[in-house]
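Dear colleague,

Please find below the structure for your review.

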Amino acid sequence: MDATVVILFLSIVLLTLVITYFAAKRTQTTGDFYTAGGGLTGWQNGLAIAGDYLSAASFLGIAGAIALHGFDGFFYSIGFLIAYLVVLLLVAEPLRNLGKYTLADMINARFDAKKIRGVAALSTITIVLFYMIAQLVGAGALIQLLFGIDYWIAVLIVGIMMTIYVLFGGMIATSWVQITKAVLLMAGMVIISFLVLLKFNFNISTMFTEVKSATGHGADFLKPGLKYTDPLGTISLMIALVLGTSGLPHILMRFFTVKDAKTARSSVITATWTIGVFYILTLFLGFGAAAFVGERNILAANPGGNMAAPLLAEVIGGDILFAFISAVAFATILAVVAGLVLSGASAFAHDLYGQILKRGEATDKQQMLAARYAALSVSVFSILLALFAQTLNVAFLVSLAFCIAASANLPVILYTVYWKRFNTTGAITAMLCGLASALILVSISPSVFSPNEGEALFVGNPLFPLDNPALISVPLGFLGGYIGTILSKEHDATRYAEVKVKANTGYRDS
Amino acid sequence: MESHYDKQRTFRQGVDYVKVENSSSFQRLMYERKKFILPLTIFFLVFYFILPILTSYTTFLNTPAFGDISWVWIFAFSQFIMTWVLSTIYVKKAASFDEQAEQIIREQIDDKGRDAI
């Protein structure tokens, strides 16, 4: 660890702690804690969405995937961005108009049933845990590589930092950590991309020509099919990417931090531009790493390709850029895990404790205390899981989280807003079918069972052929909701009229 | 639970949502939203899924477009352009939905939507 890395690393830690200190003074009510009082402006929330979304998996994972697999790595960039059209056109505004703190609040605008709240909280917590373990395991491995410290110390550092932000500063601190990180990350991406383009004389065509002969794959590097050879597997992954985002709890929660649907919309626009530019730049990072770092060096540092971006920074920008990019990667991880803790805590404290146990009659002080205890428990529990999950494949956990979000949460969101006949039974069957089918299909997939030892968790033949089951589990989520609905006679047209009017006009009566 | 629900319903009295829903201005808003959003959604989903389908089952996107840049890259970049263009178009259109919504709240809910209690 050289001095520059340590100084930059510590300044980021210090900056986030200063943010948390000021945020803590402004966090007075439960509303402040969960949603920053709904007081973020469009561009602030847009940057915070970008900061919440662009995880280490995006920054380091995609750059590495493009460096190693060429075009196939770029599939992720496309799917992750277009997902925001689903969010913008179908989900963001009705969600803002109907919800308060959580996804369950929004579904409960139509059905007052504790069972639904319970199931929604269950699916939120499941997604948060998978996503969180992925981030913490990735963070541990990364910090271990960057700073040469032990995995468990690395996980503990990240874990303690995220707990401090959420516990003391709530959503205000989390949002500003995410905004700061988004700005730092974009700056880092632009600097590296500029230096890469400089090497190619700012000629994109030259870059493609050079990269064609720079890797061991030759011309195949620029063609699809290097990594994803199974057509159905590719399409299934693309379904999970494009539909999963609108069901991710920490992204959904970001629509409650603005005052109305109009601001929610403008924040998605800011996010879409930021995220879009980011994913275009992943191409320059990936190509740059393939050309100037080389496949052998990338693989030697980390078999998953996660070190491609930091190594590229070192090659083209020297030690200072390497230190800066490492520090940015650290900030990236912190911002994402803090958002996850908060969404997990809201499901526990607001849905399970506040609404189900206390029937919505807890005082603000009790709710705030519950929220903090829940945040602490979610943090401790996920740190413990991450300590034992060191060997799990991070990319697999992330794509699983997207798949569960697309299968369990998206159908119920769309049905609640757009389907008149939808009812309580349908809401429960939609969520349970999506959740169960995603979990069961993954547990018998090639990610869990492989005939070759060491390639998956268990040795054996997979019963289901696809790594990512979205192709089957998303339709099952929709189908479950449909069958559950038509099997039950219950149906409340008056209530739907209310939901429809509120979702589409933004009118609130309380 | 039912009684809790009914109690809330009594509190919510004051706005006849069914009446608002059936009003011609609300019906028009719903019709215009649907007419705008549905084709747009179908378009971007089809445009998106054509990419993996073409790359999985055909090879013609591998033909060069500009120098060593093949059509598959052009198609991939056009997905980014499409996202930005569609979101800009949506925001422009949504401004008119906002105006309609405000008018509905003003005329249907604030003025005459309320039952005399």
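The model is predicted, so local features require pLDDT of at least 70 and side-chain atom pairs count only at pLDDT 80 or more, while totals for chains, interfaces and linings use all residues. Residues are numbered from 1 along each chain as its sequence is written, chains are lettered from A and ligands numbered from 1 in the order in which they are written, and side-chain values use heavy atoms, with hydrogens and water left out.

Interface between chain A and chain B

Contact here means heavy atoms within 4.5 Å. On that basis, 57 residues of chain A are in contact with 54 residues of chain B. The two chains bury about 5,300 Å² between them, 72% of it on carbon and sulfur atoms; buried area is the accessible area (1.4 Å probe) that two parts lose on being put together, summed over both.

Nine residue pairs, both members at pLDDT 80 or more, are in polar contact across this interface. A polar contact is a pair of N or O atoms within 3.5 Å; within protein, one must be able to donate a hydrogen and the other to accept it, and residues adjacent in sequence count only if both atoms are side-chain atoms. On the side of chain A that touches chain B, at least two residues each come from helices H5 (71–98), H9 (204–214), H10 (231–244), H12 (261–293) and H19 (493–505) of chain A. Helices (H or I, at least four residues) and strands (E, at least two) are DSSP runs, numbered from the N terminus. H5(A) gives the most to this side, with 14 residues. By class, the side of chain A that touches chain B has 34 nonpolar, ten polar and 13 charged residues, where Ala, Val, Leu, Ile, Met, Phe, Trp, Tyr, Cys and Pro count as nonpolar, Asp, Glu, Lys and Arg as charged, and the others, Gly among them, as polar.

Salt bridges

A salt bridge is a side-chain nitrogen of Lys or Arg within 4 Å of a carboxyl oxygen of Asp or Glu. One of the salt bridges pairs Asp68(B) with Lys212(A), with the closest N and O atoms 2.7 Å apart.

Within chain A, Glu93(A) forms a salt bridge with Arg265(A), the closest N and O atoms being 2.9 Å apart. This pair links distant parts of the chain, since Glu93(A) is in helix H5 and Arg265(A) in helix H12 of chain A, 172 residues apart. Both residues are buried, a term that denotes under 20% relative accessible area, with exposed over 50% and partly exposed in between (1.4 Å probe, protein chains only).

Lys500(A) forms a salt bridge with Glu21(B), their closest N and O atoms being 3.3 Å apart. The pair crosses between chains, from helix H19 of chain A to helix H2 (residues 17–22) of chain B. Lys500(A) and Glu21(B) are both buried. Salt bridges that share partners join Glu93(A), Arg265(A) and Asp98(B) into one network.

Nonpolar core

A nonpolar core is a set of buried Ala, Val, Leu, Ile, Met, Phe, Trp, Tyr and Cys residues joined through side-chain atoms within 4.5 Å. The largest has 223 residues, of which Tyr53(A), Phe59(A), Tyr279(A), Phe287(A) and Trp73(B) touch the most other members. Helix H14 (residues 308–357) of chain A supplies the largest share of this core, 26 residues.

Individual residues

Thr257(A) is found in the loop between helix H11 (249–252) and H12 of chain A. Thr257(A) is buried, with a relative accessible area of 0%, and its side chain makes a polar contact of 2.6 Å with that of Asn45(A).

Thr485(A) lies in helix H18 (residues 470–487) of chain A and counts as buried at 0% relative accessibility. Beyond neighbours within four places in sequence, Thr485(A) is in contact with Trp419(A), Arg421(A), Phe422(A), Asn423(A) and Gly426(A).

Gly64(A) lies in helix H4 (residues 56–69) of chain A and is buried, with a relative accessible area of 0%. The C-alpha atoms of Gly64(A) and Ala308(A) are separated by 5.1 Å, although the two residues are 244 residues apart along the chain.

With kind regards
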